[in-house]
Amino acid sequence: MKITRGVATIFFLQLFFLVPTISRATELREETLKVWDEYVHTANVRMEQRLHGDRPFLWMDEVPGRAQSVREGQIVVAPADNGSPRVPHGLIHDWVGAVFIPEASIDDVFAVVNDYDRYHEIYKPGVVDSKLLDSFGGERKFSMVMMQRVLSVTAAVDGEYQSRCFRLAPERWYCISYSTCLREIKNFKEANEQELPPGSGNGYVWRLYSITRFQQQDGGVYAEVEAIGLSRDIPIEIRWLVKPIVERLPRNAVSLTLEQTRNSVRTTIDASRERSRRPGTPDDSCRPQENCKRQRELPSAPETFAHRSSYVGAPPTR
């Protein structure tokens, strides 16, 4: 698959396997995808406003008291402020979360969120397999198998993703990530396991897109993620039963992913300190060194986002 002008770090991939009680197959329709493309474009425009100073760079600074709650250690998650659009035959789920990682640097955080080969360890049990497929400059292509069990249903999706981060200042970055191909796995971990074509199956998740922001200050790093997902609609006859699950899953997923990221960064920092205390052991707080070098080589042009935000849906190829 051709490397495109894609984008960045994924916090949100604990997944949007929504509507798990629905067993009837469905197909992704063109009218559903059209509304999704328009919604992603709107999300990019909002991010562009943050870059230009029309809105605070960090979502947590928009509401009095929210930043203080995050600074005190809470993981704050809420629906995006733009509301849910009407989607023919589908649902768009848009949630925003923020976390503070004390005593961390941008390099510490990126050493974790760019370690795609270890996502199945960092973000388990939601991620059961992960692999970095390609790295070209600041762009990365990777794959993951995600799984969620809700009630008596096991939902699993195999996917490929593009990611890239951009530096606005030495201590301020933003990133974008998106799925390039998602395939539902039918009968996961059973003898008759089968990968279905993209856009078919139960419609647990059809598209994923995220915008993440990082700000190093106050003795640590603030990390935010806006996680956007597209799934099938809920049949009206069971909407009363499924709606609470649909609303709870993405909130919990964003919160858990931020918590696991913070824990992994803290573990990495503690391990580095322990190594540095050993006689004759150099301080290797930025590990792996290759990742640190890649981070410094990432683009530093904020106008790149303004160029990208004009597209709708999939980014343009070079």
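# Close-up views of a predicted model

**View 1. Helix α1 and the glycine after it.** Gly53 follows α1 and has a positive phi, near 85 degrees. The model shown here and in every other view is predicted. Helix α1 itself has 22 residues. Its first and last C-alpha atoms lie 32 Å apart, close to the 32 Å expected at 1.5 Å a residue.

**View 2. The salt bridge between Lys34 and Glu38 within α1.** The closest N and O atoms of Glu38 and Lys34 are 2.7 Å apart. Both residues belong to helix α1, residues 30–51. They are 4 residues apart, so about one helical turn separates them. An α-helix has 3.6 residues a turn, so residues three or four places apart point the same way. Glu38 is partly exposed, at a relative accessible area of 38%. Lys34 counts as exposed, with 51% relative accessibility. The cut-off for exposed is over 50%.

**View 3. The salt bridge from Arg46 to Glu226.** Arg46 and Glu226 form a salt bridge whose closest N and O atoms are 2.5 Å apart. This pair links distant parts of the chain. Arg46 and Glu226 are both buried. The structure holds 14 salt bridges, and the Arg46 and Glu226 contact is one of the salt bridges described in these views.

View 4. The side chains of Glu103 and Arg266 meet in a salt bridge, 3.8 Å from N to O. Here too, the pair links distant parts of the chain, 163 residues apart. Glu103 lies in the loop between β3 (90–102) and α3 (106–113). Arg266 lies in helix α5, residues 239–277. Glu103 counts as partly exposed, at 45% relative accessibility. Salt bridges with shared partners join Glu103, Arg266, Asp270 and Arg273 into one network.

**View 5. Strand β10 and its partners.** Strand β10 spans residues 207–217 and is mostly covered, with 8 of its 11 residues buried. β10 pairs with strand β7 (residues 172–186) in the antiparallel sense, over 7 bridges. Within this pairing, Cys175 stands opposite Thr212 in β10. Strand β11 (residues 220–232) also runs antiparallel to β10, and 11 bridges join these two strands. In that pairing, Ser210 stands opposite Ala227 in β11. The hairpin of β10 and β11 has 2 residues between the strands. In this hairpin, Asp218 takes a positive phi near 60 degrees.

**View 6. The disulfide between Cys165 and Cys175.** The structure has 1 disulfide. It joins Cys165 to Cys175, with the sulfur atoms 2.2 Å apart. Cys165 lies in strand β6 (residues 153–169) and Cys175 in strand β7, so the bond ties together parts that are 10 residues apart in sequence. The torsion about the S-S bond is about 100 degrees, so the disulfide is right-handed. Cys165 is buried, with a relative accessible area of 3%. Cys175 is buried too, at 0% relative accessibility. Another cysteine, Cys181, is buried with a relative accessible area of 17%. The cut-off for buried is under 20%. Cys175 is also the residue that stands opposite Thr212 in β10.

**View 7. Aromatic pairs.** The structure holds 10 aromatic pairs. Tyr119 and Tyr123 form an edge-to-face pair, 5.0 Å centre to centre, with 80 degrees between the planes. Both Tyr119 and Tyr123 are buried. Phe166 and Tyr174 form a stacked pair, 5.3 Å centre to centre, with 25 degrees between the planes. Phe166 is buried, and so is Tyr174. Ring pairs also link Tyr116, Tyr119, Tyr123, Phe142 and Tyr161 into a cluster.

**View 8. Arg66 over the ring of Trp59.** The charged end of Arg66 sits over the Trp59 ring. The distance to the centre of that ring is 3.8 Å.

Definitions and conventions: Residues are numbered from 1 along each chain as its sequence is written. This is a predicted model: local features need pLDDT of at least 70, side-chain atom pairs count only at pLDDT 80 or more; totals for chains, interfaces and linings use all residues. Side-chain values use heavy atoms; hydrogens and water are left out. Buried means under 20% relative accessible area, exposed over 50%, partly exposed in between (1.4 Å probe, protein chains only). Two strands pair if DSSP finds at least two bridges between them. A salt bridge is a side-chain nitrogen of Lys or Arg within 4 Å of a carboxyl oxygen of Asp or Glu. The expected span of a helix is 1.5 Å times one less than its number of residues. A disulfide is a pair of cysteine sulfur atoms within 2.5 Å. Rings of Phe, Tyr and Trp (its six-membered ring) pair if their centres lie within 6.5 Å; planes under 30 degrees apart count as stacked, over 60 as edge-to-face and the rest as tilted. A charge sits over a ring if NZ of Lys or CZ of Arg is within 6 Å of the ring centre and within 35 degrees of the ring normal.
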